[in-house]
Amino acid sequence: MTIRIAQISDLHVSAEKPFFNANMQLAMDALRRAKPDLVLNTGDLGLFGERDNGDLAVAIEAHAALGLETRIVPGNHDVGEHPDIPGRVWVDEASLARYRSRVGADFWTLDLPGWRLVGLNSLIIGTGLSGDEEQVGMLCRATQERGGRALCLVMHKPLCDLDLEDSVVSNRFATLPARRKLLAALGRVQPNLIICGHVHQYRDLAIAGTRPTSGVRLRPS
Ligand SMILES: [Fe+2]
Ligand SMILES: [Fe+2]
């Protein structure tokens, strides 16, 4: 059975500052034509959605109008930046509560034929904020109990640049402490695929047996 998945990411739409809203309409039009079985949005729905404004609502209304099965993970422009990154607007309980009420669950699992997808909130890993420990527990269980399915993580921030032990603090990638916490939840299991957004570029790599991608067109195998 073939499942057709469309990944979109980093729409950055805004009611107040609609610089990128035309891009979203192009993406939505393409999705209407393609009619995939599943739409994965890897975050940054809004331009400044981490603030209490209407940015998330603009994106959610557009997704709802598609009438397609959709799963979303939050980006730093939806809930705020990870506190490991200095000088940014950080994720907090208020922004998490807004996201969860307006968009839905910020971490989830979805089983498809042969695959288990695990959607993660990459902004709360290791923060101690609500959902942090529950998410790690979910990832651990979803990994260990996947019954032979291939494992695909779906998250906004790429896990690393080129090296899982890279200790550089950059807002482009998960920091080393957050990365280690996530990897510990996986145990010895290497994800087959990690689908990311955030970096606003195509990346298709092989790191430690895993294929991390950002918006890459994957041919069915
Ligand atoms: Fe972005
Ligand atoms: Fe981002």
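Here is a friendly conversation about the metal sites, salt bridges and a helix contact in this predicted model.

Biologist: What should I keep in mind about numbering and the model before we start?

Modeller: Residues count from 1 along each chain as written, while chains are lettered from A and ligands numbered from 1 in written order. The model is predicted, with local features needing pLDDT of at least 70, side-chain atom pairs counting only at pLDDT 80 or more, and totals for chains, interfaces and linings using all residues; side-chain values use heavy atoms, leaving out hydrogens and water.

Biologist: Which residues are the protein donors of the iron ion (ligand 1), and what makes an atom a donor?

Modeller: A donor is an N, O or S atom within 2.8 Å of the metal (3.2 Å for Na, K and Ca), and sites may look incomplete because water is not among the atoms. Asp10 (OD), His12 (NE2), Asp44 (OD) and His200 (NE2) lie 2.0 to 2.2 Å from the iron ion (ligand 1), so they meet the 2.8 Å limit. Along the sequence their spacing is D-x1-H-x31-D-x155-H.

Biologist: Why is the arrangement around the iron ion (ligand 1) called irregular?

Modeller: Four donors are tetrahedral if all angles lie between 85 and 135 degrees; four are square planar, and six octahedral, if opposite donors are over 155 degrees apart and all others between 65 and 115; anything else is irregular. The 4 donor atoms here subtend angles of 87 to 171 degrees, which makes the arrangement irregular.

Biologist: Which protein donors does the iron ion (ligand 2) have, and what are the angles at its site?

Modeller: Its donors are Asp44 (OD), Asn76 (OD1), His156 (NE2) and His198 (ND1), at 2.1 to 2.2 Å. The angles among the 4 donor atoms run from 86 to 157 degrees, and this site is irregular too. Asn76 sits in helix H3 and His198 in the loop between strand S7 (193-196) and S8, 122 residues apart, so the pair links distant parts of the chain. Helices (H or I, at least four residues) and strands (E, at least two) are DSSP runs numbered from the N terminus.

Biologist: Which residue coordinates both iron ions, and how far apart are the ions?

Modeller: Asp44 coordinates both, and the two ions are 3.4 Å apart. Asp44 lies in the loop between strand S2 (38-41) and helix H2 (55-66).

Biologist: How do you know whether Asp44 is buried or exposed?

Modeller: Buried means under 20% relative accessible area, exposed over 50%, and partly exposed in between (1.4 Å probe, protein chains only). Asp44 has 1% relative accessibility, so it counts as buried. Asn76, at 7%, is therefore buried, and His198, at 9%, counts as buried as well. Asp10 is at 13% and therefore also buried.

Biologist: What makes Lys157 and Glu81 a salt bridge?

Modeller: A salt bridge needs a side-chain nitrogen of Lys or Arg within 4 Å of a carboxyl oxygen of Asp or Glu. Lys157 and Glu81 meet at 2.7 Å, N to O, so the pair qualifies. Lys157 is in the loop between strand S6 (150-155) and helix H6 (176-186), and Glu81 in the loop between helix H3 (76-79) and helix H4 (93-102), 76 residues apart. Both residues are buried.

Biologist: Where is Thr143, and why is it called buried?

Modeller: Thr143 is in helix H5, and its relative accessible area is 0%, so it is buried. Contact means heavy atoms within 4.5 Å, and Thr143 touches Leu151, Leu186 and Val189, not counting residues up to four places away in sequence.
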